[in-house]
Amino acid sequence: MKRKVYYRYNPQTLTYDRIYPSMKDKVFTVLRHMISGIVVGIGALIAFAYFVGTPWGEAQKKETQLIRTQYELLSKRADEMSNVLRDIQQRDDNLYRAIFHADPIPTSIRTSGIAAPARYDYLMELSNSEMIIQTSKKIDYIAKQIYIQSNSFDEVLNIAKNQRDRLRHIPSIQPVPEKFLKQIASGYGTRVDPIYGTARFHAGMDFSANIGTPVYVTGDGVVTLADWKQGYGKCITIDHGFGYETLYAHLNDYKVRVGQRVTRGEQIGEVGNTGKSTGPHLHYEVHVRGVPDNPAKYYFMDLSPEEYDKMLQIAANHGQVMD
């Protein structure tokens, strides 16, 4: 290839004079061509990467998409786990604990200890930070709920292990045996007051029997009252533990004293007609965690199925009470 020859017009001689470039000019020319080539090459590479993509860029895109997909799957599984855990919690509160008459776990405890938002600040610098933070929160919440539920099951297990002792304390027989009863005068619920003739809530059951008829404690416990009580006359209350308490009213006499431990079936008093009473009878109440409950639910160890069913029918009558 021939070398290029350059000429310059000379107006004085009206001729073209040949130019011989200096070394500096030659170097400058070479550098200019190199820089132009580099700029054109970089521009072409950027354009290629923008419109077509580089292998490295494509790999990064695929990796980012894969990470996002994995987090979406993890978030979905966390939601499914939350639903399963919620079902377990409901069974725990409404079935397992209900069987043993144990209080459900308060909502305030189940939702306590959720991590503060600042805990996740370090994740803000990551790409897809919002999705990562939300998934992390779900997993932390589930971990907390599992810990609480595990402790709850430990408690239920201990209750179950102590069930034999608990059964001895739960009221489960009639305070006046069937053979001594004239009748069940009135049951639990709204009844007609015998003195005022108005409807009122009757918090126990009335057993009609002769004065002096033995009254028996319905479960193991400790005597907390053996004294006169306004409206109830001579009255005995027993703390059975496990949230249960029984009351025996209108007694003729006491057979126990305060602080004494008693065993189911032990005589604690006698049927009487003291206090606000219209005839000899025993007024009997069962309280569960301080709230009156229907005593008819607590005679399962004393009656046959047929006798128990008949007793429920009699107790459901809406006649007058005797106190």
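Mentor: Let's begin with ring pairs: the structure holds four aromatic pairs. This is a predicted model, where local features need pLDDT of at least 70 and side-chain atom pairs count only at pLDDT 80 or more, while totals for chains, interfaces and linings use all residues. Residues are numbered from 1 along each chain as its sequence is written, and side-chain values use heavy atoms, with hydrogens and water left out.

Trainee: What makes Phe 207 and Tyr 299 an aromatic pair, and why is it called edge-to-face?

Mentor: Rings of Phe, Tyr and Trp (its six-membered ring) pair if their centres lie within 6.5 Å; planes under 30 degrees apart count as stacked, over 60 as edge-to-face and the rest as tilted. Phe 207 and Tyr 299 have 6.2 Å centre to centre and 70° between the planes, so they pass as a pair and get the edge-to-face label.

Trainee: Which parts does that pair tie together?

Mentor: Phe 207 is in strand S6 (residues 205-208), whereas Tyr 299 is in the loop between strand S14 (291-293) and helix H6 (305-315), so parts 92 residues apart in sequence are tied together. Helices (H or I, at least four residues) and strands (E, at least two) are DSSP runs, numbered from the N terminus.

Trainee: How do you know whether Phe 207 is buried or exposed?

Mentor: Buried means under 20% relative accessible area, exposed over 50%, and partly exposed in between (1.4 Å probe, protein chains only). Phe 207 has 0%, so it is buried. Tyr 299 also comes out at 0%, so Tyr 299 is buried too.

Trainee: Why is the pair of Tyr 248 and Tyr 284 called tilted?

Mentor: Their planes are 45° apart, with 5.3 Å centre to centre. Ring pairs link Phe 207, Tyr 248, Tyr 284 and Tyr 299 into a cluster.

Trainee: On to charges. How many salt bridges does a search of the whole structure find?

Mentor: Five. A salt bridge is a side-chain nitrogen of Lys or Arg within 4 Å of a carboxyl oxygen of Asp or Glu.

Trainee: What makes Arg 168 and Asp 165 a salt bridge?

Mentor: The N to O distance is 2.6 Å, which is within 4 Å, so the pair qualifies. Arg 168 and Asp 165 are three residues apart in helix H5 (residues 163-169), about one helical turn. Arg 168, at 39% relative accessibility, is partly exposed, and so is Asp 165 at 29%.

Trainee: How do you know that Arg 168 and Asp 220 meet in a salt bridge?

Mentor: Their N to O distance is 3.9 Å, still within 4 Å, so the label holds. Arg 168 lies in helix H5 and Asp 220 in the loop between strand S7 (214-216) and strand S8 (221-229), so parts 52 residues apart in sequence are tied together. Asp 220 counts as buried, at 13% relative accessibility. Salt bridges that share partners join Asp 165, Arg 168 and Asp 220 into one network.

Trainee: What about Lys 297 and Asp 293?

Mentor: Another salt bridge, at 3.0 Å, N to O. Lys 297 is partly exposed at 46%, whereas Asp 293 is buried at 16%.

Trainee: Now strands. How do you know that S8 and strand S9 (residues 233-241) pair?

Mentor: Two strands pair if DSSP finds at least two bridges between them. S8 and S9 have seven bridges, so they pair, in the antiparallel sense. Ala 226 stands opposite Ile 236 in S9. S8 and S9 form a hairpin with three residues between them, and Gly 231 in the turn has a positive phi of about 85°.

Trainee: And what makes S8 and strand S11 (residues 261-262) a pair?

Mentor: They have two bridges, so they meet the requirement of at least two, again in the antiparallel sense. Val 222 stands opposite Arg 261 in S11.
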